[in-house]
Amino acid sequence: MAPKSDSAEGIVLNFVNEQNRPLNSQVVADFLQKFNLKKTAVQKALDSLAESGKITFKEYGKQKIYLARQDQFQIPNTEELNQMKEENARLQEMLEEQRKANSQLEGEIKSLQSNLTLDEIQSNDAKLRKQVKELEERLTKLREGVTLVSPEERKLVEKTFSDAISHWRKRKRMFKDVWDTITENSPKTPNEFKEELGIEYDEDIGVSLQTYATLVPHSNKRLRGK
């Protein structure tokens with residue numbers, strides 16, 4: 001039995017937001033086959049979501065490319081971004097140290113196997129394999145982006161980051177509302193008025209609210225575009 005249209009739109013919207021990359025209808029349909037959605041249903045859902053403004057799209061000839069609305073994602077300021085880069089560098093160093101330790105343990109296993117009795121080899125091999133497994137589990141967590149900090153510290157950083165982005169977005173919206181009101185009946189164009197007052201947009205100094213959106217932890221609440 002085929003899913004209802006509203007259910008299909010919900011599935012498609014969640015998928016587009018989770019992927020957060022340019023998608024065409026065929027790619028979406030291929031990924032959502034497990035939901036028993038036909039390509040026609042996917043195309044209809046994409047067009048409906050785009051028309052309602054829940055996602056965006058661009059046309060390239062006869063093909064449409066769909067993308068999640070970027071204003072629903074939160075992004076860090078420059079200072080927080082630098083802190084994340086430093087943390088990433090630290091984790092990379094830890095990862096390299098664990099790799100070296102893993103290699104050293106493997107070398108010790110080979111050395112022991114050539115010098116000890118069979119019973120000693122089996123005993124030491126079990127111990128070393130256990131250590132290797134523990135180190136590999138840590139490496140897996142690091143590769144998956146698990147930060148080795150306490151939950152309290154992580155929660156505090158994420159809250160600070162989210163609050164900063166929220167303030168940024170609110171102030172940007174407030175400015176736009178005021179600016180639109182001021183320039184609506186002005187004899188000068190918005191650009192002329194902007195230059196006269198010496199106002200600079202985020203983009204004028206190389207900063208974009210949308211650019212930082214992908215750095216928001218996925219565990220944070222996702223806001224759906226309206």
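Predicted model: local features only at pLDDT ≥ 70, side-chain atom pairs only at ≥ 80, totals over all residues.

Tutor: Residues are numbered from 1 along each chain as its sequence is written, and side-chain values use heavy atoms, with hydrogens and water left out.

Student: Why is α6 called roughly perpendicular to α7?

Tutor: Helix α6 (residues 151-184) and helix α7 (residues 190-197) pack at about 110°, their axes 10 Å apart. Angles of 65 to 115 degrees count as roughly perpendicular, so α6 is roughly perpendicular to α7.

Student: Which residues make the contact of α6 with α7?

Tutor: With contact meaning heavy atoms within 4.5 Å, they are W179, I182 and T183 of α6 and P190, F193, K194 and L197 of α7.

Student: What makes β1 and β2 a pair of strands?

Tutor: Pairing requires that DSSP find at least two bridges. Six bridges join β1 (residues 55-60) to β2 (residues 63-68), and the strands run antiparallel. T56 stands opposite L67 in β2.

Student: What makes a set of residues a nonpolar core, and which residues have the most contacts inside the largest one?

Tutor: The residues must be buried Ala, Val, Leu, Ile, Met, Phe, Trp, Tyr or Cys, joined through side-chain atoms within 4.5 Å; buried means under 20% relative accessible area (1.4 Å probe, protein chains only). The largest nonpolar core has 20 residues, with V12, V16, V28, L32, L37, L46 and I55 having the most contacts inside it. Helix α1 gives the most to this core, six residues.

Key
Axes fitted to C-alpha atoms, helices over the stretch in contact; angles between N-to-C directions. Helix = DSSP H or I, 4+ residues; strand = E, 2+ residues; numbered from the N terminus. Parallel < 35°, antiparallel > 145°, perpendicular 65-115°, else oblique. Buried < 20%, exposed > 50% of the residue type's maximum accessible area, 1.4 Å probe, protein only.
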